[in-house]
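Trainee: I would like to learn how to read the local features of a protein model. Please take me through them one at a time.

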Amino acid sequence: MFVLFSDILPLDENGLSATREFLLKVVEILMEYIKETHDRQAKILEFKHPADMRKQLELDLPDTGVTLQQLVDDCSITLKYQVRTGHPRFFNQLSCGLDLVSMAGEWLTATANTNMFTYEIAPVFILMEHVVLQRMREIIGFTGGDSILAPGGSISNLYAFLAARHKMFPDYKSRGLHSIRGQLVMYTSDQCHYSVKSCAAVCGLGTDNCVEVPSDERGRMIPSELERLILERKSRGHIPFFVNATAGTTVLGAFDPLEPIADICQKYKLWMHVDAAWGGGLLFSRKHRHPRLTGIERADSVTWNPHKLMGTLLQCSTVHFKEDGLLISCNQMSAEYLFMQDKLYDVQYDTGDKVIQCGRHNDIFKLWLQWRAKGTEGFEKLMDRLMELSQYMVRKIKAQPDKYYLILEPEMMNVSFWYVPTRMRSMAHSREREKLLGQITPVLKGRMMQAGTLMVGYQPLDDRPNFFRNIISSAAVTEKDIDFLLAEMDRLGHDL
Ligand code: ABU
């Protein structure tokens with residue numbers, strides 16, 4: 001029997017059975033959550049406005065610690081109000097689903113509770129990183145090279161930026177801004193993830209020097225515009241040095257044409273980065289990899305987030321470099337208290353000195369375990385299945401043109417559309433109707449959240465008013481869930 005935290009390990013040396021009892025109670029709660037997550041009759045969320053939610057929760061930090069039973073109850077109520085992102089009807093984010101093998105990996109990771117900066121304290125995990133990242137580079141098409149797991153795609157893109165600047169201006173590390181005689185300029189499409197622009201702000205270029213290259217009607221960068229904008233800045237004496245191509249844009253799922261962009265980077269000696277945080281998973285698919293990712297092997301660096309299409313638990317984000325040695329040369333600070341060179345093992349495995357952070361979370365085990373379970377073929381099958389489901393949804397939308405307006409044929413798992421309520425079905429499609437559809441979109445989303453039966457994201461984009469962006473990246477989704485999605489939207493929104 002347990003009462004207080006002092007009744008379990010380590011404070012009570014004889015507290016093993018009480019520790020087990022406490023943890024098993026927590027695991028029971030987790031199992032219940034997993035069961036509900038996969039129950040199509042259960043709600044995805046129990047929505048409450050923040051002030052009402054606050055009233056349901058006892059969030060205050062007490063002066064005197066509460067009982068362990070209270071902690072078990074705290075765990076229970078926390079999950080009661082958590083959005084079930086693994087529910088088959090959660091289509092809201094790029095990361096959907098709950099891969100249970102990967103989750104088991106995350107449980108083990110939490111238990112091991114180590115830091116990834118040195119081999120000294122994470123020997124097995126460091127070797128796993130080595131093997132998995134090498135395999136990912138092979139799949140990209142790099143020979144050799146180097147990689148690192150980073151806290152999210154945005155920071156992965158930042159690592160690429162830093163490595164590119166270091167490659168071209170190695171003195172920057174020691175001499176700073178004055179080592180570069182001129183204005184650095186970077187390029188990215190107007191559909192890119194905002195983190196690319198953030199690199200310009202964070203790294204001293206200023207966002208005005210992150211040039212947005214126009215994209216075509218499908219959201220793909222226009223290479224001739226990229227070249228024009230490079231020449232335009234060169235004519236002003238600026239120094240173009242970095243191009244970000246996106247493989248799977250956040251909203252439309254568009255793929256920039258990598259081969260022509262690589263040709264331009266080669267011609268003007270610019271670093272080519274591919275932000276494949278979202279679309280990278282399609283590298284597994286022989287059916288869908290080409291033409292979308294053709295040319296990725298010509299990039300200098302690639303961001304690829306397994307926590308998106310591959311379903312690895314959050315978070316798991318990787319960045320890969322064609323050239324080995326750059327990461328360490330760029331970021332090494334040789335902290336003597338951590339990265340001693342006279343340790344008893346090969347210190348190249350102390351990967352912590354390759355990054356700008358110090359502590360690094362263990363994001364590898366959950367991916368390694370998942371990959372062991374599925375095999376590389378399993379990931380290929382998953383990609384093909386997610387694409388098949390997305391195409392199924394497109395067909396269903398097209399079959400009901402009165403109720404749904406497909407915005408464009410998707411290149412991947414982003415299905416973008418407007419829902420059309422009854423009163424607007426007889427109106428011809430026009431800018432005016434789009435404006436009205438854009439107004440009802442957030443109202444319908446609100447109804448979904450109140451009902452708790454469905455979650456689909458929405459946003460405006462350029463001159464398009466709010467529209468739904470449906471993401472199919474969960475292995476739990478079936479054709480029946482897509483049928484439900486469309487019927488449920490109509491049930492909730494027909495009278496708007
Ligand atoms: N770039 C982070 C993912 C955003 C999303 O889930 O839509």
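Trainee: How many aromatic pairs does the structure hold?

Mentor: The structure holds 17 aromatic pairs. Rings of Phe, Tyr and Trp (its six-membered ring) pair if their centres lie within 6.5 Å; planes under 30 degrees apart count as stacked, over 60 as edge-to-face and the rest as tilted. In one of the pairs, the ring centres of Phe161 and Phe242 are 5.8 Å apart and the planes stand at 55°, so this pair is tilted. Before we go on, note that this is a predicted model, in which local features need pLDDT of at least 70 and side-chain atom pairs count only at pLDDT 80 or more, while totals for chains, interfaces and linings use all residues. Residues are numbered from 1 along each chain as its sequence is written, and side-chain values use heavy atoms, with hydrogens and water left out.

Trainee: Why does the pair of Phe161 and Phe242 tie together parts that are apart in sequence?

Mentor: Phe161 belongs to helix α6 (residues 153-168) and Phe242 to strand β5 (residues 239-246), so the contact joins parts 81 residues apart in sequence. Helices (H or I, at least four residues) and strands (E, at least two) are DSSP runs, numbered from the N terminus.

Trainee: Are Phe161 and Phe242 buried or exposed?

Mentor: Buried means under 20% relative accessible area, exposed over 50%, and partly exposed in between (1.4 Å probe, protein chains only). Phe161 has a relative accessible area of 0% and is buried; Phe242, with 2%, is buried too.

Trainee: What geometry does the pair of Phe284 and Trp371 have?

Mentor: The pair of Phe284 and Trp371 is edge-to-face, with 5.4 Å centre to centre and 70° between the planes. Phe284 lies in the loop between β6 (271-275) and β7 (301-304), and Trp371 in helix α12 (residues 365-398), so this pair ties together parts that are 87 residues apart in sequence. Both Phe284 and Trp371 are buried. Ring pairs also link these two residues with Trp304 and Phe379 into a cluster.

Trainee: Which charged end sits over the ring of Phe484?

Mentor: A charge sits over a ring if NZ of Lys or CZ of Arg is within 6 Å of the ring centre and within 35 degrees of the ring normal. The charged end of Arg89 sits over the ring of Phe484, 3.8 Å from its centre. Likewise, Arg165 lies over the face of Tyr172, at 3.6 Å from the ring centre.

Trainee: Which residues surround the ligand?

Mentor: A residue is near a molecule if one of its heavy atoms lies within 4 Å of it. Gln93, Leu94, His193, Lys308 and Arg469 surround the ligand. This shell divides into 1 nonpolar, 2 polar and 2 charged residues. In that division, Ala, Val, Leu, Ile, Met, Phe, Trp, Tyr, Cys and Pro count as nonpolar, Asp, Glu, Lys and Arg as charged, and the others, Gly among them, as polar.

Trainee: What polar side-chain atoms lie by the ligand, and at what distances?

Mentor: A polar contact is a pair of N or O atoms within 3.5 Å; within protein, one must be able to donate a hydrogen and the other to accept it, and residues adjacent in sequence count only if both atoms are side-chain atoms. A polar side-chain atom of Gln93 lies 2.8 Å from an oxygen atom of the ligand, and one of Arg469 lies 2.9 Å from an oxygen atom of the ligand. The protein covers 69% of the 250 Å² of accessible area that the ligand has on its own, by the Shrake-Rupley method with a 1.4 Å probe, where for residues only the protein chains shown count as cover.

Trainee: What does the side chain of Ser189 reach?

Mentor: The side chain of Ser189 reaches the backbone nitrogen of Gln191 at 2.9 Å. Ser189 is in strand β3 (residues 184-189) and counts as buried at 0% relative accessibility.

Trainee: What is phi of Lys269?

Mentor: Phi of Lys269 is near 55°, a positive value in a residue other than glycine. Lys269 lies in the loop between α10 (258-268) and β6, and at 68% relative accessibility Lys269 counts as exposed. Ser334 is not a glycine either and has a positive phi of about 55°. Ser334 is in the loop between α11 (326-331) and α12, and counts as partly exposed at 38% relative accessibility.
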